[in-house]
Amino acid sequence: MRNRYLDLLRAAATVRVVVYHSSGWAALTIVFPAMSVMFALAGSMMAASLDRYGPFAVERRLHRLLPALWLLAAVAVPMMLIGGMAWEWQVLLWAFPLEDPPAAGFWLEGLAATWYLRDFLWFVLLSPLLLPLFRRFPLTTLTLPYAALALITFTGATTHVIARDLALYGGAWLLGFAHHDGLLARRPARSAARRLIAPPSRLSTSPAAESASRAVWSATRASPAALSCSSAGSEALVRGAALARYRWWIVGVLAATAAAWAVTHPGPRGYDLNDIPLANALWSAAFILVALSVSPRVAPRRILTVLNARALSIYLWHVPLIIIVVRFAEATGLPVHGWVGISWRLAVVSVLLAIVVMLVGWVEDISAGRRPSLLPGATRRVAPVSPAPTGAVDLQRAGR
């Protein structure tokens, strides 16, 4: 069953990204750190997929991720080659962007946001190794990305952009693991801990299930290796439950540290957290700990279905459209900045984006194994079956 609250967060993050890139409002990076939230939600989904499909979850996630990128590349790459970009083997990275693929001309800016897919790809590939490590040493694993980012920041070391981004957003991805495992909410964590350490008589719901559980539990008790593994898992879960037990203390420390660092180390655009990586990571962690510790009931809405089913298409295509609108405004003398400029540009970008997404969004349906549609979420109407007229059965029998 879908968690519509997570759908709401994903939809809000998608809209926030479009508004931020259209307006440049630095406050949006503080009010809603969308990219970190998106990585956290993806981490939670990846953990669920690994639990269900094992290593094959990687292929499933790539199947959902890459076709939308391939469609954009099918438009952008030929245009760049025709425009004079030299052919080199790195162009093939548009099929599997482990590194930043080459871009030129208009698309140098238009494809700038594809770094998200590059980082997403790395996290997906690393997840089969990260998830068992996280479950064995939850707190230690969770602190590693933040420690690495702090080391990079304090030493001023020049690192590869991928390594920097893994440190910047790795904590959010791991918090997604924690959310899936129930470590961000107090009651689920305690329940999971009891499930690991409680005898089967407390967990079984039927005599047959109780008998089977006792047999397995007895075998576990008889096996020192299995007992050691179970004990280690329960201890790791108890340690991980500290995220929920001391959540508000952790949130307060993270938020205060992030604010202090941002105020004392502003970026070129002031307090835009995208320019202050350490503050961005810490503030985002505090935000995620709060946002994913609750799960309110959200009523089904078609707008949520559309935004979630088309989130990747919206993300990939909104930047080129923003650049087109800005260049049109500059060429015609229309206002670009200020409330008037931002308002009309955002309205036009929204309309153009809706049209483009309707044209290309079907690829996300195919990737997800759904029936392609212009706007997903439509309710299928089933033609009512008319009841047989009174006496029709008797007449049919009489005819026999």
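This is a predicted model: local features need pLDDT of at least 70, side-chain atom pairs count only at pLDDT 80 or more; totals for chains, interfaces and linings use all residues.
Colleague: Which helix gives the most to the lining of the largest cavity?

Modeller: The residues around the largest cavity include R16, Y169, N274, N280 and S284. Two elements, α3 and α14, each supply two or more residues to that lining. The one that gives the most, with three residues, is α3.

Colleague: And by class, how do the residues of that lining divide?

Modeller: Among the lining residues of the largest cavity are P33, A34 and M35, along with T29 and S36. By class, the lining comes out as five nonpolar, five polar and one charged.

Colleague: α3 and α14 both turned up there. Is α3 parallel or oblique to α14?

Modeller: The two helices, α3 (residues 34-53) and α14, have axes 9 Å apart and pack at an angle of about 55°. Roughly parallel needs an angle under 35 degrees. That angle therefore makes α3, relative to α14, oblique.

Colleague: Which residues of α14 make the contact with α3?

Modeller: The crossing of these two helices, α3 and α14, is right-handed. On the α3 side, the contact uses S36, V37 and A40. By class, the contact of α3 with α14 has four nonpolar, three polar and no charged residues. The α14 residues are N280, S284, F287 and I288.

Colleague: Now α8 and α14. At roughly what angle do their axes cross?

Modeller: Helix α8 covers residues 161-180 and helix α14 covers residues 277-291, and their axes come within 8 Å. The crossing makes α8 roughly parallel to α14. The angle is roughly 10°.

Colleague: How many nonpolar residues are in the contact of α8 with α14?

Modeller: From α8, the contact takes L168, Y169, A172 and L175. From α14 it takes P277, N280, A281, A285, I288 and L289. There is one polar residue and no charged ones, and the nonpolar count is nine.

Colleague: Let's move to the second largest pocket. Which element gives the most to its lining?

Modeller: That pocket has a volume of about 500 Å³. Of its 20 lining residues, the closest to the centre are H21, W115, Y169, R269 and N274. Elements giving two or more residues to the lining are α1 (4-23), α6 (115-136), α8 and α14. The top contributor, with five residues, is α8.

Colleague: How many charged residues are in that lining?

Modeller: R269 is one of the residues closest to the centre of the second largest pocket. By class, the lining has 10 nonpolar and four polar residues, and the charged ones number six.

Colleague: Which helix gives the largest share of the lining of the second largest cavity?

Modeller: The second largest cavity has a volume of about 50 Å³. Its lining includes L69, W94, T114, W115, L117 and R118. The largest share, three residues, comes from α6.

Colleague: Last pair: which residues of α16 meet α4?

Modeller: The axes of α4 (residues 56-82) and α16 (residues 311-332) come within 10 Å and cross at roughly 30°. That makes α4 roughly parallel to α16, and the crossing is right-handed. R64, L65, A68, L69, L72 and V75 are the α4 side. The α16 residues are L312, L316 and W317.

Notes. Residues are numbered from 1 along each chain as its sequence is written. Side-chain values use heavy atoms; hydrogens and water are left out. Axes are lines fitted to C-alpha atoms, for helices over the stretch in contact, and angles run from 0 to 180 degrees between N-to-C directions. Helices (H or I, at least four residues) and strands (E, at least two) are DSSP runs, numbered from the N terminus. Angles under 35 degrees count as roughly parallel, over 145 as roughly antiparallel, 65 to 115 as roughly perpendicular and the rest as oblique. Contact means heavy atoms within 4.5 Å. Ala, Val, Leu, Ile, Met, Phe, Trp, Tyr, Cys and Pro count as nonpolar, Asp, Glu, Lys and Arg as charged, and the others, Gly among them, as polar. On a 1 Å grid over the protein atoms alone, a cavity is a set of points where a 1.4 Å probe fits but cannot get out, and a pocket is an open set with protein on both sides within 12 Å along at least five of seven lines; lining residues have an atom within 4 Å of a point. Grid points are joined across faces, edges and corners, and a volume is the space filled by probe spheres set on the points. A crossing is left-handed if the near helix is turned anticlockwise from the far one by less than a right angle, and right-handed if clockwise.
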